Amino acid sequence: MTLSVGDNVNVEEHLRRRRDEGRPLLVPYLTGGISADWTRYLTEYARAGADAIEIGLPFSDPILDGPVIQEASDRALRRGVTVRDLLAEVAAVDVGVPLIAMTYYNLVAQSPDFCRGLAAAGITGLIVPDLPVDEAAPLVAAAEAAGVALTLLAAPSTPADRLAEIARVSRGFVYTVSVMGTTGTEFAESGGRIAASVRALTDRPVLLAFGISTTGHAVTAAGHADGVVIGAALMRRILDGGTPEQLGDVLASFRRALDDSVMTREQGSRVPADRS
Amino acid sequence: MREPQNGRFGDYGGRFVPESLIPACAAVESAFREAWGDPEFRSELKRLLAVYAGRPTALTPALRLSAELGVTVLLKREDLAHTGSHKINNVLGQALLAKRMGKTRLLAETGAGQHGVATATAAALLGLDATVFMGEVDIERQALNVFRMRMLGAEVVPVTGGTRTLKDATSEAMRQWVTCVDHAHYCLGSVMGPHPYPWMVREFQRVIGDEAREQCAGTPDYVVACVGGGSNAAGTFAGFADTGATLVGVEAEGGAAIAFGRAGVLHGFRSYLLQDEFGQVSEAHSIAPGLDYPGIGPEHAHLNDIGRARYTVVSDDEVVPAVHRLARTEGILCALESAHAIAWVIRAAGTGELPAGSTVLVTVSGRGDKDMATLMGAA
């Protein structure tokens, strides 16, 4: 069933609510169209405790992606998938958590109705890694009109004045890149600094992404931010043949580690794990 | 041809790069603006272009070809520049800029290897490290240039993603730049990429047009150059934009972004782009590897839209005979890329496109030694 815009889940409200309950946010990534049954991964991710799911709409030239997600995009494109087909498949499933599209600007710029198309499929968030805040104005307006949260990226190299602008314009959450590199690069705890800087500027949720491949990384990252995005580590397993159920188990282990870390922190400090 | 406004040439250009690269692009912009206004930087670059690269390059009247075609053909001889093409003009400028910015390493993408060889050369000259990204397919096709780069001390990194050609080498160079912006400069090879590259590379290449304008007795009626990304054409046109000369850019049929593409965004800039109906970028195919790119520099897109330059297409089938004809009439073995410009002159001479009696300046962007294996295969 295709959801109307009015029924769609608001990404920011949803993430804020879960965060304010003291829950570290967990957002897994999936390359759309990676297999014929790719939407089953969405269902399993949701069942395993995802707070939202990022769906990559594959592009021929993914400039911010490392080898794993490049390979996944190539595989999906070789299957002949198109944005139109992927959106139709998404519209047919009800996952129960917000869905966020991640894709490159050339695909977005194909149509002035791109954001409306996402909303019609029940996707209420959008991340465009090659669209920096300075170039974003036209899409900011189109996304807002369609009820889609356009989430901007912050990087370790972003100077303070830009960071403030990004925190102001970004919707849904702020996507904080932990390292100077591509997706799948090795995690660096230094990413915590940038997350802390963003949190000082906004009370929107702040997620830390890139290179979070182990539960240990996730726990460390969630100590600095409101939650984590996990992409290449999951896609590597899918490329190697991991089934939706197996990936659900993997994600569930991240969920448990994050939840346990909150309990540990609460017991250790005897203060609620809120943002104070 | 002026400085772009807010990094844009009309609707084209811009800075569509990941947030992590924005500060690096801004730093290149301010460093270039400052250096280009500094007489000391300009004179050091001018000195290197003269004593090292062999500038000014000759303007050769092509007498026998002119007599055959009924038009006066003047050849701007970038094939005579050090490393065999115009690429050295841009690379010496960017390498000097990199040193001025305190960088110790140059990153570059290359397709045929000409820009990679030029980058390796400038790095050796100025004591910088060089890392050149090259598609696996091109590494196989251009073994000679790979060997040249390595002899010059550069590291050549095979790119195995996507189509394994120039398009993917450019993506990979940008990805790797993110990881080393603190000490590395991305030495982009054409008038493309995020602002300030299309502007900066055109300024470094305008020496072609500025020299030619001084060397021509009077303004030629037509100014012609081949266009892939479009750096030799941009440099040539820059010298004549404020004259009455008709500017003609010649695209390869299999990489003709203006003729067969539509507006899109790739590698940090908005321009005409070869893509399918869904926005996936198409692979370009040309006998001339330097024109094997699905996009075109944003300023060319703008010059096309405002009607200041015309863009036309030449097929692979016209190119090989043009190489032979220039070789036999003038004793110049030009690159397959440059032969696109020559082929258009041969086709158009005596027609309404290039009337008999006209004077036409053609930039010979490079020499053809690198293409001998291809030409032997086509013989």
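The model is predicted: local features need pLDDT of at least 70, side-chain atom pairs count only at pLDDT 80 or more, and totals for chains, interfaces and linings use all residues. Residues are numbered from 1 along each chain as its sequence is written, while chains are lettered from A and ligands numbered from 1 in the order in which they are written.

**Overall build**

- Chain B holds 15 helices and 14 strands. Both are DSSP runs, numbered from the N terminus: helices are H or I with at least four residues, strands are E with at least two.
- The radius of gyration of chain B is 19 Å, close to the 21 Å from the globule rule for 379 residues, so chain B is as compact as a globular protein of that length. That radius is taken over C-alpha atoms, and the rule is 2.2 Å times the number of residues to the power 0.38.
- The C-alpha trace of chain B spans about 55 × 45 × 40 Å along its principal axes.
- Of the 379 residues in chain B, 64% are buried. A residue is buried if 20 or more other C-beta atoms, placed from the backbone, lie within 10 Å of its own.
- Among contacts in chain B with a separation of 6 or more, 76% join residues 24 or more positions apart. Two residues are in contact if their C-beta atoms, placed from the backbone, lie within 7 Å.

**Where chain B meets chain A**

- The contact takes 25 residues from chain B and 31 residues from chain A.
- Helix 8 (166-179) of chain B gives the largest share of chain B's side, six residues.
- By class, chain B's side has 12 nonpolar, nine polar and four charged residues. Here Ala, Val, Leu, Ile, Met, Phe, Trp, Tyr, Cys and Pro count as nonpolar, Asp, Glu, Lys and Arg as charged, and the others, Gly among them, as polar.

**Two domains**

- The domain assignment of chain B gives domain 1 (9-48 + 87-197) and domain 2 (55-85 + 206-378). Such bounds come from an automatic or database domain assignment.
- The centres of the two domains of chain B, taken over C-alpha atoms, are separated by 22 Å.
- In chain B, 36 residues of domain 1 are in contact with 35 residues of domain 2.
- Helix 8 of chain B supplies the largest share of the domain 1 side, five residues.
- That domain 1 side in chain B divides into 14 nonpolar, 16 polar and six charged residues.

**Helix 4**

- Helix 4 of chain B has 14 residues and reaches 20 Å from its first C-alpha to its last, close to the 20 Å expected at 1.5 Å a residue. The expected span is 1.5 Å times one less than the number of residues.
- In helix 4 of chain B, 11 of the 14 residues are buried, so the helix is largely enclosed by the rest of the structure. Among them are B:Ile88, B:Val91 and B:Leu92.
- Just after helix 4 of chain B, B:Gly102 takes a positive phi of about 80°.

**B:Val207**

- B:Val207 lies in helix 9 (residues 197-215) of chain B.
- B:Val207 is buried, with 25 other C-beta atoms within 10 Å.
- Not counting residues up to four places away in sequence, B:Val207 touches B:Leu49, B:Arg55, B:Asn89 and B:Gly235.
- B:Asn89 is also one of the buried residues of helix 4 of chain B.

How values were computed:
Buried ≥ 20, exposed ≤ 12 C-beta atoms within 10 Å, placed from the backbone.
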